[in-house]
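User: Hi! I'd like to go through this structure with you, a few spots at a time. Please start wherever you like.

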Amino acid sequence: MFKIKENKVDFDVTYKDVPIEEIKRRESVGYAHIRCDHASYFVDINNDSERERLQRHLGLDGYKWFKEETGNQHWVIYNPKHYKIDMDWENRAVLKLNTADYDGGYLEPPINASSFCGIFSWMTIPENIKFSNRFSLRHIKEMSLMFAGSQIPDGIDLTPCLTTHHVEKVRYMFYKAHIPKNFQLGDFFNTHKVTSMEHMFSQTKIPNGFNINLRTDSLENANHMFFKVNFEGSCHFGENFKLNDNIITTDFFDESVIHGVTYRTDEGYDLYDVINTLNA
């Protein structure tokens with residue numbers, strides 16, 4: 001570990017992973033751990049001058065600070081021309097794309113973010129949206145409500161928003177979203193650590209030929225995953241999508257419409273019979 005000294009303030013910086021015990025120890029005395037461009041910094045979060053100096057050192061003048069209420073609840077630094085603070089329906093503060101001020105420039109993720117909860121929710125995603133080379137979900141743990149209620153334009157490439165590594169929660173991710181034809185999640189959407197897919201696609205229309213090949217290695221809760229979904233044709237469940245007996249699948253397809261037939265839990269249906277019907 002070494003230090004960068006600037007204006008009589010030392011910033012601890014390391015290019016190695018910082019042990020969680022050290023992060024917690026520093027946080028207990030008022031220091032925030034900030035990860036940016038593969039480096040880790042500690043900054044006195046209650047010292048406005050020190051925060052500003054760190055921003056200047058990182059080239060983030062004019063950016064703002066935000067304390068996450070989702071994910072790992074990190075302190076993050078964000079560009080107010082790209083993001084704004086809003087509340088999700090569980091009354092948690094989240095960052096959302098600032099469609100009023102976004103000018104079509106290259107979008108970067110909030111620095112040190114652990115959550116993209118609700119970040120594109122209840123909006124029409126700009127057709128001209130572009131993502132910088134720094135846009136990465138490598139450290140994102142929560143993507144709940146990420147596209148809830150959103151209008152996803154036809155032909156848009158959201159690959160950078162779905163290239164996951166360690167995400168753990170995708171609950172309500174596409175709830176009531178408009179999913180366009182030819183939209184696919186792709187193999188880059190890695191869900192091997194996801195524990196909750198609760199209501200992930202509920203009350204959406206899923207286009208014909210959609211693929212659900214999500215890994216369920218760590219899945220615990222798939223409650224209402226396809227509740228009131230209108231399947232517009234076939235939907236292919238791949239070999240990675242396995243529902244063992246320990247996974248909660250309450251009302252998994254309840255009130256969903258498949259080939260004009262509505263499936264209701266109280267009338268009884270076999271989960272795998274429905275999946276086979278969709279795969280056909």
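**A histidine and its surroundings**

Analyst: Let's start with His33, whose side chain makes a polar contact of 3.1 Å with the side chain of Ser40. A polar contact is a pair of N or O atoms within 3.5 Å; within protein, one must be able to donate a hydrogen and the other to accept it, and residues adjacent in sequence count only if both atoms are side-chain atoms.

User: Thanks! What kind of model is this, and which cut-offs apply?

Analyst: This is a predicted model, where local features need pLDDT of at least 70 and side-chain atom pairs count only at pLDDT 80 or more, while totals for chains, interfaces and linings use all residues. Residues are numbered from 1 along each chain as its sequence is written, and side-chain values use heavy atoms, with hydrogens and water left out.

User: Good. Where is His33 placed, and is it buried or exposed?

Analyst: His33 sits in strand β3. Helices (H or I, at least four residues) and strands (E, at least two) are DSSP runs, numbered from the N terminus. His33 has a relative accessible area of 10%, so it is buried. Buried means under 20% relative accessible area, exposed over 50%, and partly exposed in between, with a 1.4 Å probe and protein chains only.

User: Which residues is His33 in contact with?

Analyst: Leaving aside neighbours within four places in sequence, His33 is in contact with Val18, Ile23, Ser40, Tyr41, Phe42 and Asn112. Contact means heavy atoms within 4.5 Å. As for Ile45, it is 12 residues from His33 along the chain, and their C-alpha atoms are separated by 9.2 Å.

User: Is His199 buried or exposed?

Analyst: His199 is buried, because its relative accessible area is 10%. Glu198 lies in that α3 to β11 loop too, and it counts as buried because its relative accessibility is 16%. Beyond neighbours within four places in sequence, Glu198 is in contact with Arg171, Tyr172, Asn221, Ala222 and Asn223.

User: How about Lys181: buried or exposed?

Analyst: Lys181 is exposed, because its relative accessible area is 65%. It is found in the loop between α3 and β11. Once neighbours within four places are set aside, Lys181 is in contact with Asp154 and Pro207. Lys181 and Pro207 are 26 residues apart in sequence and 5.6 Å apart in space, C-alpha to C-alpha.

User: And what is His178 in contact with?

Analyst: Apart from neighbours within four places in sequence, His178 is in contact with Ser150, Gln151, Ile152 and Asp154. His178 is in the loop between α3 and β11, and it is partly exposed, because its relative accessible area is 34%.

User: Changing topic: what caps the N-terminal end of α2?

Analyst: Asn47 does, with a side-chain oxygen 3.1 Å from the backbone nitrogen of Ser49. Just after α2, Gly59 takes a positive phi of about 75 degrees.

User: Which residues of α2 are buried?

Analyst: In helix α2 (residues 48-58), they are Glu50, Arg51, Arg53, Leu54, Gln55 and Leu58. An α-helix has 3.6 residues a turn, so residues three or four places apart point the same way.

User: Nice. Now the whole thing: how many helices and strands?

Analyst: The protein has 4 helices and 16 strands. Its radius of gyration is 21 Å, close to the 19 Å that the globule rule gives for 280 residues, so the protein is as compact as a globular protein of that length. That radius is taken over C-alpha atoms, and the globule rule is 2.2 Å times the number of residues to the power 0.38.

User: What does the C-alpha trace span?

Analyst: About 70 × 40 × 30 Å along the principal axes. Buried residues make up 52% of the 280 residues. Residues 24 or more positions apart account for 65% of the contacts with a separation of 6 or more.
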